[in-house]
Amino acid sequence: MINPLISVILPVYFGERYLRESVESILTQTFTDFEFIIFDDGSSDGSRKILESYDDPRIRLVFQENAGLPETLNRAIALCKGRYIARQDHDDISLPTRLQKQFEFLEANSDYAMVGTGADIWSEESASNRHHAHPVDCPTLRFELLFNNPFVHSSLMFRSQVFQELGMYSTDPARQPPEDYELISRIARRYPIANLKERLVIYRETINSMSSVIRPDALDKNNLFKDRLALISAENIEYESQKTLRPSKASLNFGRVIHSCRPLPADTSVSFSALLNSLVSAYTYIFSHSSSHATYRLFDNRVRQTYIQYCLYDHPGLFDPLEGDHAGSLKKIFSKIVYKIRIRVMPLLYIALARYWLVKRIDFPG
């Protein structure tokens, strides 16, 4: 076919349960000028039979031995001919106008490298009353990237040239998963990014998904995942505050605290004042021309949350119930009371201090 405007890539791995619903949500889009590249990454269930049942000229099927998600995505991207590249997961659903609305946004905003959307959350086959309603504007998204990934991976649409300029998904085991957080962070350092407010994707939580409840038998894997989250978080705050990608000790501590990584290296001590200073520096750079009451409230909330994480890091049993032989220990009860007062009062003091630092650097909104 003549080069399409959009390439949709869908990696499949043991996806037969929801695969047909996912594929057909793309085939029935109101926007029709797309190619649909589907990679089966070594599935041995009924996925291949489902995929081969389609006779649509827009579909291109590739079957391979298992290579893992990042490598599969990279191979699919290498085949794309479209001006834009859209992601889709084998168990998620795109609502009919998703491609049209993202295409229109990127056409109208030529400096933006990517755009995501909001999403409804389903648990297996059941709709829930939950949803992903991430920020939509670039400065707020950059600020949120200091802490975590404010995008639904399966909702993303990229300009294809971004991959030529910045590279594809990392396959380095020290950096992924989360391959989406790592890639988006790289993109956000060079280009504007956005979300559409509309919920144009149904994001499905399954027992095997990375975002599902952490299982005890996967504790080591989950700890490694947290370590990688902490590293990317550290790189982001270092970049936004110091304009370098080599995380300092303070930035690494920030990432470890935010993502509750344990244990700390033996020679590590964490100062909340250092964490706060990094946050102030990052906020100053990101919101230097767009600070408002809303962004100050966002900053206050993040200071409060970060301080609570810091307290829990320093005192991990803070919210544990008093049980067992030591339940009546006056020392233990007193300690908990002190810490609970601390996490209510101290954030207010740190917020006031941070506000003082900020108003010396940027104009306080009137």
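I looked up Phe 287 first: its relative accessibility is 0%, so I put it down as buried (under 20% relative accessible area with a 1.4 Å probe, protein chains only; over 50% is exposed, in between partly exposed). Tyr 283 also comes out at 0%, so it is buried.

A note on the source: this is a predicted model, where local features need pLDDT of at least 70, side-chain atom pairs need 80 or more, and totals for chains, interfaces and linings use all residues. Residues are numbered from 1 along each chain as its sequence is written, and side-chain values use heavy atoms, without hydrogens and water.

Next I searched the whole structure for aromatic pairs and got 16. I pair rings of Phe, Tyr and Trp (its six-membered ring) if their centres lie within 6.5 Å; planes under 30 degrees apart are stacked, over 60 edge-to-face, the rest tilted. Phe 272 and Tyr 310 have ring centres 5.4 Å apart and planes at 50°, so I logged a tilted pair. Phe 272 and Tyr 310 are 38 residues apart, and their pair links distant parts of the chain. Both Phe 272 and Tyr 310 are buried. For Tyr 283 and Phe 287 I noted centres 4.7 Å apart and planes at 40°, so this pair is tilted. Tyr 283 and Phe 287 belong to one aromatic cluster, with Phe 143, Phe 147, Phe 254, Tyr 296 and Phe 299.

Last, I checked charges over rings (NZ of Lys or CZ of Arg within 6 Å of the ring centre and within 35 degrees of the ring normal). Arg 48 sits over the face of Phe 63, 3.9 Å from the ring centre. Arg 204 sits over Tyr 18, at 3.8 Å.

Conventions
Helices (H or I, at least four residues) and strands (E, at least two) are DSSP runs, numbered from the N terminus.
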